[in-house]
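Subject: Structure handover

Hello,

The sequence and structure are below, followed by notes on what was found. Please read the notes with the structure open.

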Amino acid sequence: MSGLIQVLNNSLLSQDAVIKATFYPIAFLTLFFAFLVVMSRSIFHSVIYLAFTLIGIAGIYLYLDAEFLAIVQVLIYVGAIVTLFIFTIMLTTQADTEPIRGTVRRMWAGALAGFAIFLILSKVITMTTWHIGLPEAAFVNLRELGRSLMSKYALPFEVISLISLAALVGVIVIGRGRKR
Amino acid sequence: MIPQSHFLILSALLFSIGVFGILTRKNAIGILMSIELILNAANINLITFGKFLGSPDGLGQIFALFVIAIAAASAVVGLGLVISIYRNAKTILVNKLNLMKW
């Protein structure tokens, strides 16, 4: 983002206006694709929309000065997890004729629950007074991130590698099935 | 600058969409996709707080990295389970998987 900001500083537009003019369309598109993920009838379309949603969230990370997270998001989510979803759908779905959605009553119950949760969360967010005014001090570059990941948070980092190993071995055991 | 509350509202909306998806999807893969949406909403929250409340060593981003790693592991195990269930029950629609229902 800082390189982009420097480019914008040299241009005629003010950087604040550009950030505002680009953030809200990206946020809206992300939410739109997320809605399509849960609403589309075909599960395969759903996973394609999920990929777009995740790319949009990577764009949101850029506005939060988290460039590394944006790259990791695209690499791991869009590159690996979405591919995995597509493979699983191809292995398990017989045809598109299967009913994906539940009854109308279940739809209403789900919509009500989701809307209630959003109402509570937005009420809490708007009621709380947040600390503002220290965004510049909180800027974390990649060097700092890597250093603290390798020194102060080295133990959780190693635990993550252990969890990945457990998932790897576990999914092989689960996926192989019974020996014949 | 974009205010902090707008990021939080965005994340709350994503979370609600994920909850709606979990409650209404019949396909097990669809439920797993909704869980991914919810985890991403949590990540946006973590990074927002890390940026605006100011953590000295990037704790918000590190936490989000860990969440991404756990989400990858959970997606792998969940999809492995889905394949295993499909092999045994020949369906992944959760309303037909009532083998353990009393």
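In chain B, the axes of helix α2 (residues 28–52) and helix α3 (residues 59–89) come within 8 Å and cross at roughly 175°. Axes are lines fitted to C-alpha atoms over the stretch in contact, with angles from 0 to 180 degrees between N-to-C directions; helices are DSSP runs of H or I, at least four residues, numbered from the N terminus. α2(B) is therefore roughly antiparallel to α3(B) (an angle over 145 degrees). By class, their contact has 17 nonpolar, five polar and two charged residues. Nonpolar means Ala, Val, Leu, Ile, Met, Phe, Trp, Tyr, Cys and Pro; charged means Asp, Glu, Lys and Arg; the others, Gly among them, are polar.

This is a predicted model: local features need pLDDT of at least 70 and side-chain atom pairs pLDDT 80 or more, while totals for chains, interfaces and linings use all residues. Residues are numbered from 1 along each chain as its sequence is written, with chains lettered from A and ligands numbered from 1 in the order in which they are written.

The contact between the chains takes 62 residues from chain B and 76 residues from chain A (contact: C-beta atoms, placed from the backbone, within 7 Å). On the chain B side, α3(B) gives the most, with 21 residues.

A:Asp65, in the loop between α3 (43–63) and α4 (67–92) of chain A, has a positive phi near 60°. A:Asp65 is buried, with 20 other C-beta atoms within 10 Å (buried: 20 or more; exposed: 12 or fewer; partly exposed in between). B:Lys90, in the segment after α3 of chain B, also has a positive phi, about 60°, but counts as exposed, with 10 C-beta neighbours inside 10 Å.

Regards

Key. Helices (H or I, at least four residues) and strands (E, at least two) are DSSP runs, numbered from the N terminus. Angles under 35 degrees count as roughly parallel, over 145 as roughly antiparallel, 65 to 115 as roughly perpendicular and the rest as oblique. Two residues are in contact if their C-beta atoms, placed from the backbone, lie within 7 Å.
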